[in-house]
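Hi everyone, thanks for coming. Let me put the sequence and the structure up on the screen, and then we'll walk through them together.

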2 protein chains.
Amino acid sequence: ADAAAGKVKAKQCAVCHGIDGVARIPIAPHIAGETSVYLETQLKAFRSGKREHEIMSVIAKDLSDEDIADLAAWYASIKFEVTLPE
Amino acid sequence: ADAAAGKVKAKQCAVCHGIDGVARIPIAPHIAGETSVYLETQLKAFRSGKREHEIMSVIAKDLSDEDIADLAAWYASIKFEVTLPE
């Protein structure tokens, strides 16, 4: 999988998820730093219909396995740190 | 919603998602800092069957609306920062 190619392909994801994986709209999840296993599983579920969402089902339909691998690699390559509330 | 109560209720989530929302297993998503809107929507989808997962469907079945609101409030209260690869 090619994370750099994924970053380019992520232009279509950026509207809701951001290129940095930090969601721009409240109904979309942050996907920064998710594992590629999780991201690929969800994209394939949207593509196959195992998981449904009015936007993701449409977007995923045209994604090839290579697109999915590259997109997952890009978002998985983003590091994140958490801070718990006191 | 009560984030502190959610932190206590999150003990059952911690095995896979961590109390800090950083996934401990590769098939589980990180949920740190996800919006409560997204988290509540997904937990209710697992509870209603709109979304299915062998573990989450079972866990969500026993969650009340209050549990869901508190759990979502806890994980949404966690801050995170991202770092993009060069």
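Let's start with a question: leaving aside its neighbours within four places in sequence, which residues is R47(A) in contact with? Contact here means heavy atoms within 4.5 Å. The residues are A60(A), K61(A), L63(A), S64(A), D65(A) and I68(A).

Before going on, some housekeeping. This is a predicted model, where local features need pLDDT of at least 70 and side-chain atom pairs count only at pLDDT 80 or more, while totals for chains, interfaces and linings use all residues. Residues are numbered from 1 along each chain as its sequence is written, chains are lettered from A and ligands numbered from 1 in the order in which they are written, and side-chain values use heavy atoms, with hydrogens and water left out.

Back to our residue. You'll find R47(A) in helix 3 of chain A, residues 36-48. Helices (H or I, at least four residues) and strands (E, at least two) are DSSP runs, numbered from the N terminus. R47(A) counts as partly exposed, because its relative accessibility is 28%. For the cut-offs, buried is under 20% relative accessible area, exposed is over 50%, and partly exposed is in between, with a 1.4 Å probe and protein chains only.

Now zoom out to the chain. Chain A has five helices and one strand, and along the sequence they run α-α-α-α-α-β. Of its 86 residues, 45% are buried. Among the contacts in chain A with a separation of 6 or more, 57% join residues 24 or more positions apart. As for its dimensions, the C-alpha atoms fill a box of roughly 45 × 25 × 20 Å along the principal axes.

Finally, how do the two copies relate? A rotation of 180°, with 0.0 Å of shift along its axis, superposes chain A on chain B with an RMSD of 0.0 Å. The two copies are therefore related as by a two-fold rotation axis. The superposition is by least squares on the C-alpha atoms of residues with pLDDT of at least 70 in both copies. In chain A, the residue that comes closest to that axis is E81(A), with its C-alpha at 2.7 Å. And 100% of the interface residues of chain A are also interface residues in chain B, so the copies meet through the same surface.
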